[in-house]
Amino acid sequence: FYSEFEILDEDAGYVSFNLDQQIWIDEYLDRIILALDKHMAQEDKDVEEIKIVAIQLKSDLTSLTKKVIIQKLSLIWSKARKHGLAILKEVYIEFRKELIKQLIQGQLQQ
């Protein structure tokens, strides 16, 4: 997953996303957390682990670099894939569709 969304910007290792991008990612993480809540079986540790990573990323979003944010999103997607296709569809495929839409509209440019 990381290779698909790796940030090639020269500053990716020391600069965060701009405010609009951070807000967009924050809203996406909210949707992930809601989707995971729907899939929570009785104390499902795998889903809980994904949710913890999403919550932590959400709280640290403004202080992390672009590279670290993409790494953490990739971790969420890989854990979701490991858990099952139903969760992966909600947390990854929806992200790709929305990202493509945003890029086409030019709303995520720096």
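I take buried to mean under 20% relative accessible area. Lysine 51 has 16% relative accessibility, so I log this residue as buried. The model is predicted.

**Entry: salt bridges**

I looked up the salt bridges and found 5 in the structure. I started with lysine 51, whose side chain meets that of aspartate 37 at 2.6 Å, N to O. This pair links distant parts of the chain, with lysine 51 in helix H3 and aspartate 37 in helix H2, 14 residues apart. I noted aspartate 37 as partly exposed, at 36% relative accessible area.

Next I checked glutamate 90. Its salt bridge is with lysine 38, and the closest N and O atoms are 3.5 Å apart. Here helix H5 (residues 85-105) supplies the glutamate and helix H2 the lysine, 52 residues apart. Glutamate 90 is partly exposed at 28%, whereas lysine 38 is exposed at 63%.

Then I turned to glutamate 49 and lysine 79, which meet at 2.2 Å, N to O. They join helix H3 to helix H4 across 30 residues. I found glutamate 49 partly exposed at 36% and lysine 79 partly exposed at 23%. I also found Asp26, Asp30 and Lys58 joined into one network by salt bridges that share partners.

**Entry: H3 against H4**

I looked up how H3 (residues 45-60) and H4 (residues 66-83) pack. The angle is about 165°, and the axes are 10 Å apart. The two helices are therefore roughly antiparallel. Their crossing is left-handed. Among the contact residues I listed Glu49, Ile50 and Val53 of H3, and Leu73, Ile76 and Lys79 of H4. By class, I logged 10 nonpolar, 1 polar and 4 charged residues in this contact.

Technical notes. Residues numbered from 1 in each chain as written. Predicted model: local features only at pLDDT ≥ 70, side-chain atom pairs only at ≥ 80, totals over all residues. Heavy atoms only, no water. Axes fitted to C-alpha atoms, helices over the stretch in contact; angles between N-to-C directions. Helix = DSSP H or I, 4+ residues; strand = E, 2+ residues; numbered from the N terminus. Parallel < 35°, antiparallel > 145°, perpendicular 65-115°, else oblique. Left-handed = near helix turned anticlockwise from the far one by under 90°. Contact = heavy atoms within 4.5 Å. Nonpolar A, V, L, I, M, F, W, Y, C, P; charged D, E, K, R; others polar. Salt bridge = Lys/Arg side-chain N within 4 Å of Asp/Glu carboxyl O. Buried < 20%, exposed > 50% of the residue type's maximum accessible area, 1.4 Å probe, protein only.
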